[in-house]
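Try each task yourself before you read the solution below it.

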Amino acid sequence: MTIFTYVGPQTGGAALDNVRTSTVFAGTGANTLTLNSTHDIILATTTGGAGNIQLPNPALAVNLNHFWTVVDTGGVFEATPITLLRFAAEQIRGVAASYELRTNFGMWTFWNDGVNWWFIA
């Protein structure tokens, strides 16, 4: 896993805003990325095999109203998906089960309401 910084649009010359942290994640079967509030954008490829993303506890204040985005940069999620693993008994999109991301070159943005997980894009 490699961490790098994405710098958003510049305003007023040298001033920077929208600095976001991105994570490059390569799924290799048993590989699991555990999300936390320092992650924003996850650039993922599963060319080496399916992987997992462990969702954090939605009840923790640091995770409330935080948005995470997962992008399939390898274009192979249909064959080797990323599975979003629930923290405990919460729901993902209204279903009490883990959720597979299965669209080639797909992008998913999700957040939690303190209880459950919801996709917004």
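The exercises below go from the whole chain to single residues, and the model they use is a predicted one.

**Exercise 1. The overall make-up**

Task: Work out how many helices and strands the chain has, and what share of its residues counts as buried.

Solution. 
- Step 1: Start with the secondary structure, which comes to 0 helices and 10 strands. Read along the sequence, this gives the pattern β-β-β-β-β-β-β-β-β-β.
- Step 2: Turn to burial. The chain has 121 residues, and 40% of them count as buried.
- Step 3: Finish with the contacts. Among those with a separation of 6 or more, 52% are between residues 24 or more positions apart.

**Exercise 2. A parallel pair**

Task: Describe how strand 4 and strand 6 are joined, and say how many residues of strand 4 are buried.

Solution. 
- Step 1: Recall that strands of a sheet pair through backbone hydrogen bonds, either parallel or antiparallel.
- Step 2: Apply this to the pair in question: strands 4 and 6 run parallel, joined by 4 bridges. Leucine 43 stands opposite valine 71 in strand 6.
- Step 3: Count the covered positions. In strand 4, 4 of its 5 residues are buried, so the strand is mostly covered.
- Step 4: Beyond four places in sequence, methionine 107 touches Val71 along with Thr69, Val70 and Ala121.

**Exercise 3. The nonpolar core**

Task: Identify the residues of the largest nonpolar core that touch the most other members, and the elements that give two or more residues to this core.

Solution. 
- Step 1: Take the 17 residues of the core; Leu35, Ile42, Val70, Leu84, Leu101 and Phe110 touch the most other members.
- Step 2: Sort by element. Two or more residues come from each of strand 4, strand 6 (68-72), strand 7, strand 9 and strand 10 (117-119).
- Step 3: Leaving aside neighbours within four places in sequence, its contacts include Ile53, Leu55, Ile92, Leu101 and Phe110.

**Exercise 4. Aromatic rings**

Task: Explain why the ring pair of tryptophan 68 and phenylalanine 110 ties together parts that are apart in sequence.

Solution. 
- Step 1: A pair of aromatic rings is described by the distance of the centres and the angle of the planes.
- Step 2: There are 7 aromatic pairs in the count. The one between tryptophan 68 and phenylalanine 110 has 6.3 Å centre to centre and 20° between the planes, and is stacked.
- Step 3: Tryptophan 68 lies in strand 6 and phenylalanine 110 in strand 9, so their pair links parts 42 residues apart in sequence.
- Step 4: Widen the view: ring pairs link Trp68, Tyr99, Phe110, Trp117 and Phe119 into a cluster.

**Exercise 5. Two loop residues**

Task: Locate aspartate 40 and asparagine 57, and find a polar partner for the side chain of each.

Solution. 
- Step 1: Aspartate 40 sits in the loop between strand 3 (32-34) and strand 4 (41-45). Its relative accessibility is 10%, so aspartate 40 counts as buried.
- Step 2: The side chains of aspartate 40 and histidine 66 are joined by a polar contact of 3.2 Å.
- Step 3: Asparagine 57 belongs to the loop between strand 5 (51-54) and strand 6. Its side chain reaches the backbone nitrogen of alanine 59 at 2.9 Å.
- Step 4: Beyond four places in sequence, asparagine 57 is in contact with Asn63 and Phe87.

Notes:
Residues are numbered from 1 along each chain as its sequence is written. This is a predicted model: local features need pLDDT of at least 70, side-chain atom pairs count only at pLDDT 80 or more; totals for chains, interfaces and linings use all residues. Side-chain values use heavy atoms; hydrogens and water are left out. Contact means heavy atoms within 4.5 Å. Buried means under 20% relative accessible area, exposed over 50%, partly exposed in between (1.4 Å probe, protein chains only). A polar contact is a pair of N or O atoms within 3.5 Å; within protein, one must be able to donate a hydrogen and the other to accept it, and residues adjacent in sequence count only if both atoms are side-chain atoms. A nonpolar core is a set of buried Ala, Val, Leu, Ile, Met, Phe, Trp, Tyr and Cys residues joined through side-chain atoms within 4.5 Å. Rings of Phe, Tyr and Trp (its six-membered ring) pair if their centres lie within 6.5 Å; planes under 30 degrees apart count as stacked, over 60 as edge-to-face and the rest as tilted. Two strands pair if DSSP finds at least two bridges between them.
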